Structures are given as C-alpha cells and as structure tokens.
Amino acid sequence: MRAAILHKTGQETLDVRDDVEAVGFGPGKVRVRLRAASLCHSDLSAMNGVLPQPAPFVPGHEGAGDVVEVGEGVTDLAVGDRVVLCWMAPCGRCAHCGNGRSHLCVASLRRLGAPNFRFGPGSGAGSGEASGFYGTGAFAEEVVVERDALVPVPADLPYELAALIGCGVTTGIGAAVHTARVEPGASVAVIGAGGVGVAAVQGARVCGAGRIAVVDPVVSRRERALAFGATEALAPEDLKTVARSLPGGGFDYVFEAVGRSATVRAGYGAARRGGAVVVIGAGAQDDLASFSMGELFFNEKRLLPSLYGGAPLVRTVALVVELWRAGRIDLAGMITHRVELAEVNRALAQMRSGEALRTVVTPG
C-alpha cells in the first residue's frame, strides 16, 4: 500500500512509497482503511522535533475511515463502522480516566515509537519499520491501531469533515466550551488564525461571545477568520491598543493558538484583570514563559491550558457532530485545499506558508 514516511527528524519532505504494509494486527487491534486525513500543524511540530516522536514515522493524526478488520476482544466495533483516529488514546483504567478526564491519560505514550508499518523489500537496504504519529499514522491507505485509538462517528458525517474533528476542531471548540466556558456577551481574542484558532473562534461564537477579535500576522489568515464568526481582525501590533480600550482594560478571554511563549505573554497582557488566558497551542518543552509572582498575585488572571478540548474526546466529538448537524459550526468551510496522498508534500508547503487553513489528503 501507499504511505508517506519521515525518515529523520528535521527533514521537510516525506518519502511517499508504495511498498508499505500496516503491521501489528492482533488481539485488541483494529485495521482501518483511511478515507481522508487532514494536515494539522502538530504534524509539522513532530517532523521538526518540537513534539517528541521517534523517526522514522508516518505523520498524520487527523484521520477518518472504515473498520475493515477487528481483533480478538474488540466487541464494540464492527467491520464497516466509520471511525476517527485518536492520537492520545485513553486506557480507561488510570485515575484520569476514572475521574472523567480521560483526555489527560498518557498511557498511550508508552507505545510511542512502536512499529505500525513496515516498508521496503524484505529486510535489505532501503527497508525498515516505522511508527505512526502518536500511535496513529493517517498519511497511509490503511493503519492498524489499538481499539482505544478510535472514536466511532455517524455514517452520515462525511469522511473529510470527520477527519477534521480528530484533533484541531475538537481542540479549539472544546477549549471555548469545556475549558474556558465562555459566557454570553464575553469579549474574546484568539491569537493565531490557523485551524485550531478558527475552531476556537467558532467555539466562542457558539458560546455567545459578544466580541471576537482574531490576531494573526498574515492578513489573509486573519481576514478569513471573519467568515467563521470573528467580529474583527487585528495585526499583532494592534492587540495591546485594542485591549486597553476595552472595559476593564482587556479581553475576558484570550486564546493562544500558536504554541509560543511570546504569544502567551502577549495574551496575558491583553487579558483584563481577572480574565483568562487559554493556552491551546502545542509548544516546545524548552520554550519557557516567564511571569512575576507579583503580577500573578495582583492581576488574578487565570492561565488555563487546554489539552485536546479539555474533556474526554468521545464527549467533545459528540458535541461537534451535534453542532454541525444543527448548522451552528462550519466544518466544510475550513477545508481550503485538497490533495491526494502522492502530493502530500504540496500540502506541507501550503501549511508552512499559511496558504491553507486545512488541507484534506485522500488516498487517491
């Protein structure tokens, strides 16, 4: 089958091959034929080493497809079921899972680097094994994953839209609904107008926010966000001035969807006293944000990190599907480009340049 492999961390292009096999099927596993994958910035972060992911690996974690085979012990999925990949699969047994916070479960990280794929002729030169991005690997025609790495979705949800909700959409909407719990009429700023940022804009709109400012250095990106519910588009250098003009001297909620300490600091400065900064961008382990004890105490601004939507993925996916069916969020409009798997490197270039909001990759 065809799959795209990153052989070495730091490489900018993927090796698209036709001699790849999805391996590891057995008890507790499920084989999925992928129908659509969406490129998320976290894939780039794994490729360049910001997110830890041993190479070689098959990127892609926003993926949707059909179950084609279930292993022994898998009783709640059947051949033909439509599913979405989950890149932080909950174990169902730890304290986080038991307390209804399964999105914080890290049990699946113990499988990081385990081979999901085999490529090349036999075991000779040019052959080897590859893992899938955090146990998934959506840039392939098929993948074998643990049962807990799949979320069933309704059959009437198109594959392209289902792929989107595997990560970015659930992260952004969940951050507004579950983590921040934005109140009707609240003022909101979203720093970063990529897929996660636009999802946060839509989440704030669903919550009834009265003012939603989107902040991005790329004019086309921030203006594009207006179609998803943002009420104004700001260049980064204008954020401080606009924030100071608001009642209370800042926004009620600032969502940081970039994953950099500099934008977290900018968000903190743009939030009013008593407001909240919601961190949803995936950043590097060595990128440190600095705050004084005095400002933390005196301003009472809340720092609210939000991982994977701030709630169990099954719950957030169900919410997103419900909002989509009700016409309250726009998923199709977030897809700006489409490519076949053979052209996945073009999709990477589109995301790096900021041209694409979400590019959907299909097997072809």
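A polar contact is taken here as a pair of N or O atoms within 3.5 Å; within protein, one atom must be able to donate a hydrogen and the other to accept it, and residues adjacent in sequence count only if both atoms are side-chain atoms. The structure is a predicted model, in which local features need pLDDT of at least 70 and side-chain atom pairs count only at pLDDT 80 or more, whereas totals for chains, interfaces and linings use all residues. Residues are numbered from 1 along each chain as its sequence is written, and side-chain values use heavy atoms, with hydrogens and water left out.

The secondary structure comprises 11 helices and 19 strands, where helices (H or I, at least four residues) and strands (E, at least two) are DSSP runs numbered from the N terminus. The radius of gyration, taken over C-alpha atoms, is compared with a globule rule of 2.2 Å times the number of residues to the power 0.38. The protein has a radius of gyration of 20 Å, close to the 21 Å that this rule gives for 364 residues, and is therefore as compact as a globular protein of that length. Along the principal axes, the C-alpha atoms fill a box of roughly 65 × 40 × 40 Å.

Of the 364 residues, 55% are buried; buried denotes under 20% relative accessible area, exposed over 50%, and partly exposed the range in between (1.4 Å probe, protein chains only). The accessible surface amounts to about 14,800 Å², and carbon and sulfur atoms contribute 52% of this area. These areas come from the Shrake-Rupley method with a 1.4 Å probe; for residues, only the protein chains shown count as cover.

R224 lies in helix 6 (residues 219-224). Although buried, R224 has no salt bridge, and the nearest side chain of opposite charge, that of D216, is 7.6 Å away. In this assignment Lys and Arg count as positive and Asp and Glu as negative, while His and the chain ends are not counted. A salt bridge requires a side-chain nitrogen of Lys or Arg within 4 Å of a carboxyl oxygen of Asp or Glu. A polar atom of the R224 side chain lies 3.2 Å from the backbone oxygen of E355. Residues up to four places away in sequence aside, R224 touches T336, G354, E355, A356 and L357.

R221 is also placed in helix 6, and is buried at a relative accessible area of 16%. The side chains of R221 and D216 are joined by a polar contact of 3.2 Å. Beyond its neighbours within four places in sequence, R221 is in contact with A193, G194, D216 and G354. A193 occupies the loop between strand 12 (187-191) and helix 5 (195-207) and is buried, with 0% relative accessibility. Residues up to four places away in sequence again being left out, A193 touches V198, V214, V215, D216, R221, R222 and L357. A193 and G354 are 161 residues apart in sequence, yet their C-alpha atoms are 9.3 Å apart in space.

Side chains of opposite charge can pair when their charged atoms come close. Across the whole structure, 18 salt bridges are found. One of these joins E142 and R33, whose closest N and O atoms are 3.8 Å apart. E142 lies in strand 10 (residues 142-146) and R33 in strand 4 (residues 29-38), so this pair ties together parts that are 109 residues apart in sequence. E142 is buried at 18% relative accessible area, whereas R33 is partly exposed at 33%.

A salt bridge also connects the side chains of D66 and R35, with an N to O distance of 2.9 Å. Because D66 lies in strand 6 (residues 62-70) and R35 in strand 4, parts 31 residues apart in sequence are tied together. D66 counts as buried at 9% relative accessibility, while R35 is partly exposed at 36%.

In the salt bridge between R325 and D156, the closest N and O atoms are 2.8 Å apart. R325 lies in helix 10 (residues 313-325) and D156 in the loop between strand 11 (150-152) and helix 3 (159-164), so the pair ties together parts that are 169 residues apart in sequence. R325 is exposed, with a relative accessible area of 51%, and D156 is partly exposed, with 45%. Salt bridges with shared partners also join R31, R33, E69 and E142 into one network.

Definitions and conventions: Contact = heavy atoms within 4.5 Å.
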